[in-house]
Amino acid sequence: MTWFIYAVLGAFLTSLSAIVEKKALTRLHAMDFSIVVALVAAALSSPILLSVSWEHVTPAAFGLIAVIAVVAMFAFLDVTRGIRHLEISTSSALFLFGPFISASLAYLILGETLTGIQLGGMLLLALGLYVLETRHFWHGGEFVRNIWGDKYSRYILLGLFLYGFTIIGDRIVLSYYHVPAPLYTAIVQVLIAVCFICYALIARGSIRAPLALARDNWKIILLAALLMTSYRIMQAEAVAIASAVGLVIAIKRSSALFTTIVGGELFSEHDLLRKSVACLVMIAGVYCIVL
């Protein structure tokens, strides 16, 4: 199986995961949902910990994975809060701004260069974001109000910023330390679950509420966890063997168009044409950046 097949499967599973997650969040609290899905995902991936060699998991690699897990936990919680309150056709398109953040962080932290085409792609992403958040194209004040005035849009953008750091960590763990992709995914998911347990104990004093939620809504939570675990493994496998990580990211982000159209129709959302156009512009920007 080539990296392309892994990437396409990952994109498809990512889209399904977003739709299932939005369905679950229409009636569940974001924090409870995040905690339970993290616990179930950790349980599903824990057998991998015993079936794959830990040869490449050095203390330095494990320390980096632990930091990635903490950052990913907060990113997941922020993004989940945004998804719960925004229309899926809006939140899925917002995710396309992630490569802009990742490319900027790679430039600042890893010293990666940005070509003219990549800078053009970043401008397309900014234009697509503007179209997404502005019903009246010439009213710039509306864009500022919608982006910065809506706290749930800010939650998603903050989550994307945090995910940008985890992507850089992914590159180092998978390419420099050569930790097997399934093992890396399993360790991260178990550590994210541990982080969520600690967070729940600090914030609420117990995890009884999420456990009660899991008992009452186990089918959709199990499905969400299965999809999340599957697309993370597909993405990690693709990143590990692709000639360029950017190719994997571009294919994965292209799933936003499917999520916007199909998810928007399923949830009877509005302005789908404008949001789809914004998606296409941003997807073009993604390909300019990563290719």
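**Entry 1: second largest pocket.** I began with the lining of the second largest pocket and sorted it by class: 2 nonpolar, 5 polar and 6 charged residues. I note here that the model is predicted. The lining of this pocket comes to 13 residues, and T90, L132, E133, R135 and H270 are those nearest its centre. I then looked up which elements give two or more residues to this lining, and they are helix 6 (116-133) and helix 14 (272-290). For the volume of the second largest pocket I have about 220 Å³.

Entry 2: The volume of the largest cavity is about 750 Å³. I count 34 lining residues for the largest cavity, with Y163, Y231, R232, Q235 and K252 nearest its centre. Several helices give two or more residues to this lining, among them helix 1 (3-25), helix 3 (59-85), helix 9 (181-204) and helix 11 (218-241). Sorted by class, the lining of the largest cavity has 19 nonpolar, 10 polar and 5 charged residues.

**Entry 3: helix 8.** Which element gives the largest share of the lining of the largest cavity? I find that helix 8 does, with 6 residues. I therefore checked the geometry of helix 8, which runs over residues 151-176 and has 26 residues. From first C-alpha to last, helix 8 reaches 37 Å, close to the 38 Å expected at 1.5 Å a residue. After helix 8 comes H178, and I noted that its phi is positive, near 60°.

Definitions and conventions
Residues numbered from 1 in each chain as written. Predicted model: local features only at pLDDT ≥ 70, side-chain atom pairs only at ≥ 80, totals over all residues. Heavy atoms only, no water. 1 Å grid on protein atoms, 1.4 Å probe; cavity = no way out; pocket = protein on both sides within 12 Å on 5 of 7 lines; lining within 4 Å. Points joined across faces, edges and corners; volume = space filled by probe spheres on them. Helix = DSSP H or I, 4+ residues; strand = E, 2+ residues; numbered from the N terminus. Nonpolar A, V, L, I, M, F, W, Y, C, P; charged D, E, K, R; others polar. Expected span 1.5 Å × (residues − 1).
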